[in-house]
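Hi,

Here is the structure I promised to pass on. Have a look first, then read my notes below.

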Amino acid sequence: MAAFVVLAPLGAQAPSFVNDVQPVLTKAGCNQGACHGAQAGKAGFLLSLRGFDHKADWQALTREALGRRVNRLEPARSLMLLKPTLALPHKGGRRFGVDSEEYRILADWIAYGAPGPLDGEKRVERIEVAPEEVTLTADATQQVKVTAVYTDGSKRDVTRWAKFTSTNSGTATVDDMGLVKMQGPGEAAITVWYASKVVFARLAAPYDNAISSDVFSSAPRNNYIDDLVLEKLKALRIAPSGDATDGEFLRRAYLDTIGMLPTPDEVEAFLADTAADKRAKVIEALLDRKEFVDYWTYQWSDLLLVSSRKLPDQAMWSFHRWIRERVEKNTAWDVFVREILTATGDSRLNGSLNYYQLHKNTIELAENVTQAFMGLRLTCARCHNHPLEKWTQDDYYQFANLVARVGQKDGEERGDVVIYDNPYGDIEHPRLGRPLPPKPLDGVALAMDDAGRREALAQWVTAPENPYFARAIVNKVWANFMGRGLVDPVDDMRTANPASNEKLMQALVDDLIAQGFDLKQLMRRILNSAAYQRSSKPNETNSDDEIYYSRYIVRRMPAEVALDAITQVARVRTHFEGLPEGTRAIELPDTQVRSYFLDVFGRPPRINVDSAEREHAPTIKQALHVINGSTLNRMLSEDGNVIDMYLRLGLSNAKILDHLYLSALARYPDAREKGALLPALEQAQRQAARDPLERDPRQKPLEDLLWAMLTGKEFLFNH
């Protein structure tokens with residue numbers, strides 16, 4: 001093969017390894033996980049994933065393989081040019097041509113002597129994308145432009161070297177050069193990655209629905225939530241569903257707020273109430289109930305992984321009681337978290353200290369703090385720069401050193417621990433071989449000898465200006481009531497996973513901060529919104545919408561709520577080993593308590609801080625258990641259950657039906673249901689009159705009816 005020499009142009013500046021060469025290698029895919037960026041590299045050639053380690057990559061290119069990857073005398077004979085152009089066989093295929101801009105940059109860099117990364121040279125400070133937000137037609141195209149802003153204030157168009165992905169390829173696709181093609185109506189975020197910086201552009205195309213503007217102007221607006229939801233729906237031409245009925249609202253609000261069903265008396269009283277503010281009154285009453293404390297103690301116990309899997313029983317109970325006390329007092333969320341992060345002393349006196357007993361490993365502690373309280377998943381940055389976020393490996397180990405000096409020792413009694421701050425003990429950066437100064441993410445580094453590391457961590461985490469803390473808890477609370485987080489998954493708050501309604505998210509965050517992180521006030525705002533009180537029944541424009549809250553999102557009850565609802569309607573007591581009879585599932589302090597029903601219906605094991613631990617989707621196993629399993633069948637045959645009670649009280653058939661429907665479904669039976677059920681019960685009652693010594697023949701049809709109700713979608717799903 002004939003070789004040629006690329007000569008450096010006189011007076012020109014050598015390409016920068018960091019700012020020119022690494023972007024070429026990244027865009028060409030050379031340092032991706034499927035190629036030489038894999039943990040062990042490929043074909044003996046290892047690069048850092050997406051070019052996060054400039055010095056190591058420069059060493060691999062210029063010093064390894066006997067220097068054949070870079071030939072300074074004859075640049076065209078360099079392996080890093082011969083293989084990606086297929087002048088020599090390359091398992092990775094052709095990555096660019098000899099007449100390309102990529103080839104020119106690499107060849108020029110080699111011709112200049114392949115200079116390495118320089119201390120103090122400018123680096124990318126941030127990237128900007130244009131347009132940031134635009135509305136197009138469903139078949140339009142749009143070029144996205146990416147600009148890098150450097151530490152010296154200079155700017156550069158880096159669109160050619162950026163990586164692009166679409167969060168919704170059904171709505172918009174994007175090619176390697178940032179050209180977006182709208183595929184249909186909807187909304188998509190185009191994620192842009194360059195030099196470990198991530199931003200996104202939002203592109204929307206309205207649906208082809210003819211909706212009168214009166215639909216939106218006349219829709220109920222109870223607070224700012226409705227204004228912002230309707231603004232989004234109007235822009236996308238999605239009509240909101242109508243209001244939920246009173247019965248639907250009441251049942252929904254009870255399940256979402258206190259994790260239990262309203263009683264028949266509560267339903268009857270609410271349906272009969274004609275006051276205009278009766279829904280607001282019910283919301284206030286629910287927020288003040290004891291069951292509210294039970295439900296939200298369970299929620300935060302999930303988040304904090306309270307479990308005897310890693311804690312002795314005494315410690316587990318202590319942690320659970322501490323959480324319950326904070327919920328009961330409506331402790332502000334920032335105070336709640338700050339108390340955990342800064343706690344010291346004996347766990348017998350302060351249950352929150354068991355958080356550290358659960359996380360004895362510093363790495364595990366650092367990762368769980370970020371995911372639990374900020375919705376950030378840093379695990380990838382443990383080994384290399386995060387491939388989907390801006391966090392670097394340096395960021396990771398600086399953050400980990402904020403909690404590296406948490407000391408633990410045994411307390412005076414078995415199971416007790418004493419938590420204190422060590423004056424020494426740091427985690428070494430695995431690549432640099434030394435510890436880095438402790439530093440919050442996006443924060444200011446502390447001195448290595450600073451004794452207030454956890455104080456600094458708590459102050460940064462809970463600060464109103466922390467862009468992650470308030471968003472994370474707003475998203476969790478919103479998802480509990482609305483069925484889906486503004487960001488989904490609920491605990492994946494990375495930049496590349498934007499909110500479906502950013503204006504609404506920011507408004508909720510601002511409101512929470514203004515209210516002093518009062519979660520009850522946030523819940524009150526959501527519950528009172530017309531968006532929450534909307535029907536789950538779709539109309540012709542929103543049947544596919546589960547993102548923009550044009551209707552209430554139907555979902556299966558959580559495992560604990562479902563079991564408690566069944567026992568409440570059946571009027572039987574639950575039996576959990578080692579706990580008082582009648583303890584409700586939502587009152588359990590520990591997910592290790594044996595219950596086949598709860599396991600089948602997806603309760604989380606509380607091993608990892610990950611919303612995916614809880615199984616939400618219906619399964620065949622669940623269906624088989626409610627149909628044939630022991631849980632429901634035992635309750636239906638148990639002496640003293642609701643059927644026994646109704647028959648012993650001598651209630652009329654019509655009254656029995658009313659009570660069953662009110663208890664399970666928060667509504668009266670309709671005419672069709674009464675027309676089918678009342679004659680069957682009356683016929684059975686006539687048989688009882690002929691043979692008064694026999695068991696009431698209505699028992700069996702009523703058991704069948706109750707079984708059908710408790711296994712039906714209308715009961716098991718919140719709607």
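A quick definition to start: a polar contact is a pair of N or O atoms within 3.5 Å, where, within protein, one must be able to donate a hydrogen and the other to accept it, and residues adjacent in sequence count only if both atoms are side-chain atoms. Helices (H or I, at least four residues) and strands (E, at least two) are DSSP runs, numbered from the N terminus.

Bear in mind that this is a predicted model, where local features need pLDDT of at least 70, side-chain atom pairs count only at pLDDT 80 or more, and totals for chains, interfaces and linings use all residues. Residues are numbered from 1 along each chain as its sequence is written, and side-chain values use heavy atoms, leaving out hydrogens and water.

Now for helix α24, residues 642–649. N641 caps its N-terminal end, with a side-chain oxygen 3.1 Å from the backbone nitrogen of I643. V642, I643, D644, Y646 and L647 are buried in α24 (buried is under 20% relative accessible area, exposed over 50%, partly exposed in between, with a 1.4 Å probe and protein chains only). These buried residues pack against α20, α25 and α27. Just after α24, G650 has a positive phi of about 70°.

Next, E268, which sits in helix α8. E268 counts as partly exposed because its relative accessibility is 23%. Leaving aside residues up to four places away in sequence, E268 touches K655, L662 and Y668 (contact means heavy atoms within 4.5 Å).

Cheers
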